[in-house]
Amino acid sequence: MGKVNHSIAELVGKTPLLELVNYEKKHNLAAKILVKLEYFNPNQSVKDRIALAMIEDAEKKGLLKPGYTVVETTSGNTGIGLAAIVASKGYKFRVYIQDNVSKERFQVIKAFGGKVIKLSDEPAIAKVLKETNGDFVAAIKVLREEILAKEENIYFVDQVSNPANPGVHEVTTGPEIWEDTEGNVDIFVANVGTGGTISGTGKYLKQKNPDIQIVAIQPGVNSLPSETNPEPEEITGVHAFEGVPVERIPATMNLDIYDEKYEVETIEAYTAAREVAKTDGILIGTSSGAAIYAATQLAKRTENKGKTIVAILPDTGLRYLSTNLFNEEYLG
Ligand SMILES: Cc1ncc(COP(=O)(O)O)c(C=O)c1O
């Protein structure tokens with residue numbers, strides 16, 4: 001009947017592209033910046049795409065059946081997207097989280113009926129975290145091989161090795177950008193966390209036009225943990241992919257996909273996110289600010305005059321009201 005949807009699954013994707021007309025004018029940019037607003041997804045982030053795709057892929061392969069519990073290890077956007085999709089499909093959801101995760105994040109997962117367990121509350125994981133000085137990859141290995149392997153009726157999603165993660169961007173995000181711009185795209189900019197967005201979208205766009213430049217954002221040196229600065233203010237959900245041991249790079253990141261790596265500091269991401277809220281009325285998260293900052297610097301290059309830059313904005317600024325991006329200290 002008419003335009004009634006019957007599941008949040010039907011609301012995932014087909015997000016709009018917006019040209020930052022006022023922002024471009026303010027900066028005298030001679031290139032267009034088009035942003036893809038992923039906060040239009042039903043749970044306000046790009047991760048709704050992979051949450052739905054990974055669940056439906058597991059159903060199709062017979063790995064996930066009625067009565068099963070879905071397990072993941074993030075309370076970030078993927079955890080939130082999964083908690084909602086899993087609730088709507090009638091499965092149970094359990095997430096293992098790092099101890100320092102902000103309260104709002106796991107409150108949302110609990111609101112969707114999910115169970116939240118701190119990694120340090122599992123003795124085997126607490127032990128390996130202590131022995132490896134907090135190696136998350138080692139902790140996941142113990143979770144998979146020593147804890148989940150003993151349980152039945154479990155499906156471990158594992159977004160960092162699940163091919164449905166980049167896969168869904170190849171079949172949805174990429175084609176949406178291509179169709180909405182009618183193929184008029186010269187540069188594509190995206191952050192790298194699991195690498196799913198850039199690897200899948202980049203693959204599709206390069207197949208359509210190999211001349212499209214793919215730019216991958218890496219946090220700047222002052223925004224990455226180091227010996228002198230072990231706890232810097234980071235860009236949530238975004239990680240380094242150059243200059244890190246290869247075993248720490250997710251299998252979902254295709255290192256051959258990008259033409260250029262662009263470094264953005266957290267403070268630069270804040271500046272851009274705060275600015276577009278005022279110029280164009282969009283409230284976005286830190287990684288979205290990083291994408292706009294990088295797109296702006298690319299737009300200023302003489303060789304990019306007249307070009308069209310598309311940047312993915314992963315999530316909503318509403319998820320950052322308690323962080324330094326939009327906290328009361330900044331807002332005054
Ligand atoms: C807020 C945010 N931005 C960007 C990304 C990066 O996306 P991807 O994992 O597809 O590389 C993530 C991933 O966790 C994220 O949570």
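Domain 1 and domain 2 bury about 1400 Å² between them, and carbon and sulfur atoms give 59% of that area. Buried area here is the accessible area (1.4 Å probe) that two parts lose on being put together, summed over both. Of the area that domain 1 buries against domain 2, I8, V12 and R319 supply 35%, more than any other three residues.

The model is predicted, so local features need pLDDT of at least 70 and side-chain atom pairs count only at pLDDT 80 or more, while totals for chains, interfaces and linings use all residues. Residues are numbered from 1 along each chain as its sequence is written, and side-chain values use heavy atoms, with hydrogens and water left out.

The two domains, with bounds from an automatic or database domain assignment, are listed here.

| Domain | Residues |
|---|---|
| Domain 1 | 8-40 + 163-320 |
| Domain 2 | 47-156 |

Taken over C-alpha atoms, the domain centres lie 26 Å apart. Domain 1 brings 21 residues to the contact and domain 2 brings 15 residues, where contact means heavy atoms within 4.5 Å.

Two salt bridges cross the interface of domain 1 and domain 2; the term requires a side-chain nitrogen of Lys or Arg within 4 Å of a carboxyl oxygen of Asp or Glu. E176 forms a salt bridge with R49, and their closest N and O atoms are 2.9 Å apart. On the side of domain 1 that touches domain 2, helix α7 (residues 164-180) gives the most, with seven residues. Helices are DSSP runs (H or I, at least four residues), numbered from the N terminus.

Technical notes:
Helix = DSSP H or I, 4+ residues; strand = E, 2+ residues; numbered from the N terminus.
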